[in-house]
Amino acid sequence: PNLLSWTIANFVELSHVPQEAAVYHVVVTCFVLDTATNVLDYIHAVERLLVAGGRWINVGPLHWHANARIVLSADELYNVFLRMGTVWDILEWSVDTQPLEYRSMSITAQGETTSTKYDAYKPLRFVVQKK
């Protein structure tokens with residue numbers, strides 16, 4: 001049996017495919033949550049993909065996409081999950097105190113600096129469980 005799988009897809013659309021509904025025990029999102037135009041769509045998509053008792057593990061920044069219609073702080077997002085208490089249990093929730101490097105200066109093998117751009121975020125980490 002397959003114990004681990006991955007899919008490249010728009011998981012909002014994937015979650016509406018009947019054979020994908022309620023079949024996953026874990027969904028892991030990494031540096032993806034803030035790409036949502038509507039983060040509630042992502043929350044509902046993960047809910048549809050998970051079996052009862054399934055877990056959603058997330059790590060990533062809340063550096064919302066320019067086209068985001070809903071822009072939430074970590075506390076506001078936490079409250080969304082609290083208000084959906086009939087669906088989700090919050091098992092872990094934290095925001096890193098130290099920045100996590102996302103992209104840093106580019107240096108060639110010859111030691112030449114090709115970019116001085118540096119990106120780092122203090123990511124939101126959470127684990128929620130579908131009831």
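What share of the 131 residues in the chain is made up of buried residues? Buried residues, meaning those under 20% relative accessible area, as against exposed ones over 50% and partly exposed ones in between (1.4 Å probe, protein chains only), make up 35% of the chain. The model shown is predicted, so that local features need pLDDT of at least 70 and side-chain atom pairs count only at pLDDT 80 or more, whereas totals for chains, interfaces and linings use all residues. Residues are numbered from 1 along each chain as its sequence is written, and side-chain values use heavy atoms, with hydrogens and water left out.

View 1. The chain has three helices and eight strands, where helices (H or I, at least four residues) and strands (E, at least two) are DSSP runs numbered from the N terminus. Read along the sequence, these elements follow the pattern α-β-α-β-α-β-β-β-β-β-β. Taken along the principal axes, the C-alpha atoms fill a box of roughly 55 × 35 × 25 Å. Of the contacts (heavy atoms within 4.5 Å) between residues at least 6 apart in sequence, 71% join residues at least 24 apart. The chain exposes about 8500 Å², of which carbon and sulfur atoms supply 53%, the areas coming from the Shrake-Rupley method with a 1.4 Å probe and, for residues, with only the protein chains shown counting as cover.

**View 2. Strand E1 and the residues around His25.** His25 lies in strand E1, which covers residues 24-30, and with a relative accessible area of 58% His25 is exposed. Residues up to four places away in sequence aside, His25 touches Leu50, Val51, Gly54 and Arg55. Arg55 is 30 residues from His25 along the chain, and the C-alpha atoms of the two are separated by 6.3 Å. Val28 is also placed in strand E1 and is exposed, with a relative accessible area of 58%. Together with Val26 and Ile57, Val28 makes a nonpolar surface patch of about 240 Å². Patches are made of residues with over 30% relative accessible area and no salt bridge, like charges being joined within 9 Å and nonpolar side chains (Val, Leu, Ile, Met, Phe, Trp, Tyr) within 5 Å.

View 3. A pair of aromatic rings is described by the distance of the centres and the angle of the planes. Rings of Phe, Tyr and Trp (its six-membered ring) pair if their centres lie within 6.5 Å, and planes under 30 degrees apart count as stacked, over 60 as edge-to-face and the rest as tilted. The structure holds nine aromatic pairs. In one of them, the rings of Trp56 and Phe81 have their centres 5.8 Å apart and their planes at 65°, so this pair is edge-to-face. The pair links distant parts of the chain, with Trp56 in strand E2 (residues 50-60) and Phe81 in helix H3 (residues 74-83), 25 residues apart. Trp56 counts as buried at 1% relative accessibility, and Phe81 counts as buried at 1% as well. Phe81 also forms an edge-to-face pair with Trp88, at 5.8 Å centre to centre and 75° between the planes. One aromatic cluster is formed by Trp56, Tyr78, Phe81, Trp88, Trp93 and Phe126.

**View 4. Lys130 in strand E8.** Lys130 is placed in strand E8, residues 124-130. Lys130 is buried yet has no salt bridge, and the nearest side chain of opposite charge, Glu47, is 5.5 Å away; here Lys and Arg count as positive and Asp and Glu as negative, while His and the chain ends are not counted. Leaving aside neighbours within four places in sequence, the residues in contact with Lys130 include Glu47, Leu50, Val51, Val87 and Trp88.

**View 5. The salt bridges.** A salt bridge is a side-chain nitrogen of Lys or Arg within 4 Å of a carboxyl oxygen of Asp or Glu, and a search of the whole structure finds two. Lys131 forms a salt bridge with Asp89, the closest N and O atoms being 3.3 Å apart. This pair links distant parts of the chain, Lys131 lying in the segment after E8 and Asp89 in strand E3 (residues 88-95), 42 residues apart. Lys131 is partly exposed, with a relative accessible area of 48%, and Asp89 counts as partly exposed at 33%. The side chains of Asp96 and Arg125 also meet in a salt bridge (2.7 Å, N to O). Asp96 lies in the loop between E3 and strand E4 (100-103) and Arg125 in strand E8, 29 residues apart. Asp96 counts as buried at 17% relative accessibility, whereas Arg125 is partly exposed, with a relative accessible area of 34%.
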